[in-house]
Amino acid sequence: MHQPTHRYIAVVVLAVLLATAAVVAAVPSERTLVVTDADTGEQLLETPVEEGTELTLAYTHSVEKTPIEDIYVVDGTTLELDRMVFHSHGAGLPTAGGIEKTDDGFVLPLNESYEEVVVAPRPVPGHELVVGEERHDLVALTDGSVVITVTEQRLTDQVPLQLPFDDRSAQLIH
């Protein structure tokens with residue numbers, strides 16, 4: 001009579017494991033915007049972001065002395081360069097490609113994807129990273145270049161799942 005009981009227990013254990021896996025898989029992941037020093041790999045800034053979050057790399061054009069904003073959108077762990085907003089035409093600034101004049105300035109729609117964005121912050125352009133309402137001075141963070149990425153962590157990455165397993169459990173499955 002032990003054989004049917006063991007099979008019943010094995011089926012119940014398997015059902016519980018499958019249900020747990022389904023629940024954990026359904027838990028949304030947490031995304032984090034990370035800025036690291038390009039030379040040392042030291043993490044300089046970490047801030048939570050969500051799918052669709054816009055972040056802006058804001059700086060002043062070194063020749064034109066006008067503000068420029070490169071606007072990225074978080075797509076998983078990819079940064080999608082959505083558009084560039086600028087306020088004058090001049091050296092190194094776009095002059096074609098569907099530029100639209102808006103109340104915000106000239107807007108150039110873009111569609112470029114990056115796993116990482118490398119920036120060399122300097123005092124003259126005054127590079128800042130804007131995430132939501134938070135402005136982060138990249139020049140103050142480092143003397144060198146920075147790498148901007150988005151990491152994704154699921155609940156299963158944060159909480160190790162360890163199930164007790166012994167010879168008796170192995171026998172139940174057979």
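Predicted model: local features only at pLDDT ≥ 70, side-chain atom pairs only at ≥ 80, totals over all residues.
Tyr 72, by contrast, is buried, since its relative accessible area of 7% falls under 20%.

Two aromatic pairs are present in the structure. One of them joins Tyr 72 to Tyr 114 in an edge-to-face arrangement, with 6.4 Å from centre to centre and 70° between the planes. The pair is edge-to-face because its angle of 70° is over the 60 degrees required for that class. The two residues come from distant parts of the chain: Tyr 72 belongs to strand S4 (residues 67-75) and Tyr 114 to strand S7 (residues 105-114), a separation of 42 residues.

## The seven-stranded sheet

Strands S4 and S7 both belong to an open sheet of seven strands, in which the pairing is antiparallel. The strand order is S6-S7-S5-S4-S3-S9-S10. At the edges stand strand S6 (100-102) and strand S10 (134-137), each of which pairs on one side only. From one strand to the next, the twist averages 30°.

In that order, S5 stands between S7 and S4, the strands that carry Tyr 114 and Tyr 72 respectively.

Strand S9 (residues 128-131) runs antiparallel to S10, and four bridges join the two. Within this pairing, Leu 129 has His 136 of S10 as its bridge partner.

The hairpin formed by S9 and S10 has two residues between the strands. In this hairpin, Gly 132 adopts a positive phi near 65°.

How many cavities of 30 Å³ or more does the model contain? The count is one, and the volume of the largest cavity is about 30 Å³.

The lining of the largest cavity is made up of Leu 55, Leu 57, Tyr 72, Leu 79, Val 117, Leu 129 and Ile 148. By residue class, this lining comprises seven nonpolar residues, with no polar and no charged members.

Tyr 72, which lines the cavity, is the buried member of the aromatic pair with Tyr 114. Leu 129 likewise lines the cavity and is bridged to His 136 in S10.

Note on methods. Residues numbered from 1 in each chain as written. Heavy atoms only, no water. Pairing = 2+ DSSP bridges. Axes fitted to C-alpha atoms, helices over the stretch in contact; angles between N-to-C directions. 1 Å grid on protein atoms, 1.4 Å probe; cavity = no way out; pocket = protein on both sides within 12 Å on 5 of 7 lines; lining within 4 Å. Points joined across faces, edges and corners; volume = space filled by probe spheres on them. Nonpolar A, V, L, I, M, F, W, Y, C, P; charged D, E, K, R; others polar. Phe/Tyr/Trp six-rings, centres within 6.5 Å; stacked < 30°, edge-to-face > 60°. Buried < 20%, exposed > 50% of the residue type's maximum accessible area, 1.4 Å probe, protein only.
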